[in-house]
Amino acid sequence: MDTIEKTRTADNREIVRAFIDALFTKGDLAAVDEYLAEDFLDHDPPVDPDTGREGMRRAAALFRGAFPDWHSTPDFLVAENDMVVERFSATGTQLGEIFGAPATGRTVTLRGINIFRLREGRIVERWGRLDDLGLLRQLGLVQGPE
């Protein structure tokens, strides 16, 4: 990998880190416009069937509405050329309703993995796997083994 490719790879890693921090930890919905390309495609939308930028904005608003202190921490970021893989842990105190679960005041944790593809400094695609079942259990919406 030459110096330009190394620099671009490092830049892509920092763009993803900044995007996650701005949108999910700080709750800045304008981060969608700043970091996601106009033709952004979410292959695995977390809560909304909209696979574009507005679906991502609504997902962030939903989580921030229910968990005003939502904080997403990248456990690690791995970058290779135009791809960045993030494994994360996010936590928040449930002070609002989400997925039909009333506010409990409890802190929940959501873990997951995201893969982002970037083009010219903007995120153009996302693939993700979130621990949806673990979150639903913590919210009391699904019963399962402890």
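Where does Pro68 lie?

1. **Pro68.** This is a predicted model. Pro68 sits in the loop that runs between α3 and β2. Pro68 counts as partly exposed because its relative accessibility is 42%. Setting aside residues up to four places away in sequence, Pro68 touches Thr93 and Leu95. Along the chain, Pro68 and Gly92 are 24 residues apart. Their C-alpha atoms are separated by 7.2 Å.

2. **The nonpolar core.** The largest nonpolar core holds 32 residues. Those with the most contacts inside this core are Val16, Phe19, Leu23, Met56, Phe67, Trp70 and Ile123. At least two core residues come from each of α1 (3–25), α2 (31–35), β1 (36–42), α3 (53–66), β2 (71–80), β3 (83–93) and β4 (107–119). The most comes from α1, which gives seven residues.

3. **Met56.** Met56 is among the core residues with the most contacts inside the core. Leave aside its neighbours within four places in sequence, and Met56 is in contact with Phe19, Leu23, Phe24, Val32, Leu36, Phe40, Asp42 and Arg126. Phe19 and Leu23 are also on the list of residues with the most contacts inside the core.

4. **Strand pairing.** Take β2 and β3 to begin with. They pair in the antiparallel sense, over nine bridges. Val78 has Val85 of β3 as its bridge partner. Next, β3 and β4 run antiparallel and are joined by 11 bridges. Arg87 stands opposite Ile113, a residue of β4. In a regular strand, side chains alternate between the two faces of the sheet.

5. **Positive phi at Asn81.** Which residue takes a positive phi in the hairpin of β2 and β3? Asn81 does, with a value near 55°. This hairpin has two residues between the strands. Asn81 is in the loop between β2 and β3, and is not a glycine. Most residues other than glycine have a negative phi. Asn81 is partly exposed, because its relative accessible area is 37%.

6. **Positive phi at Glu120.** Glu120 also has a positive phi, of about 55°, although Glu120 is not a glycine. Glu120 lies in the loop between β4 and β5 (122–130). Is Glu120 buried or exposed? Glu120 counts as exposed, because its relative accessibility is 78%.

7. The whole structure has 13 salt bridges. Side chains of opposite charge can pair when their charged atoms come close. One of these bridges joins the side chains of Arg17 and Glu14, at 3.5 Å from N to O. Arg17 and Glu14 are three residues apart in helix α1, so about one helical turn separates them. Arg17 is partly exposed, with a relative accessible area of 36%. Glu14 is partly exposed too, at 42%. Arg57 and Glu54 meet in another salt bridge, at 2.8 Å from N to O. Both lie in helix α3, three residues apart, about one turn of the helix. Arg57 counts as buried, because its relative accessibility is 16% and the buried class is under 20%. Glu54 counts as partly exposed at 35%.

8. **A network.** Which residues are linked with them in a network of salt bridges? Asp33, Glu38 and Arg53 join Glu54 and Arg57 in this network.

9. **Arg117 and Glu125.** Arg117 forms a salt bridge with Glu125. The closest N and O atoms of this pair are 2.4 Å apart. Arg117 counts as partly exposed, at 22% relative accessibility. Glu125 counts as buried, at 15%.

10. **A nonpolar surface patch.** Which residues form a nonpolar patch on the surface? Val47, Leu62, Phe99 and Leu141 do. Together they have about 280 Å² of accessible area. Val47 is found in the loop between β1 and α3. Val47 counts as partly exposed, because its relative accessibility is 32%.

Methods. Residues are numbered from 1 along each chain as its sequence is written. This is a predicted model: local features need pLDDT of at least 70, side-chain atom pairs count only at pLDDT 80 or more; totals for chains, interfaces and linings use all residues. Side-chain values use heavy atoms; hydrogens and water are left out. A nonpolar core is a set of buried Ala, Val, Leu, Ile, Met, Phe, Trp, Tyr and Cys residues joined through side-chain atoms within 4.5 Å. Buried means under 20% relative accessible area, exposed over 50%, partly exposed in between (1.4 Å probe, protein chains only). Helices (H or I, at least four residues) and strands (E, at least two) are DSSP runs, numbered from the N terminus. Contact means heavy atoms within 4.5 Å. Two strands pair if DSSP finds at least two bridges between them. Patches are made of residues with over 30% relative accessible area and no salt bridge: like charges are joined within 9 Å, nonpolar side chains (Val, Leu, Ile, Met, Phe, Trp, Tyr) within 5 Å. Accessible areas come from the Shrake-Rupley method with a 1.4 Å probe; for residues, only the protein chains shown count as cover. A salt bridge is a side-chain nitrogen of Lys or Arg within 4 Å of a carboxyl oxygen of Asp or Glu.
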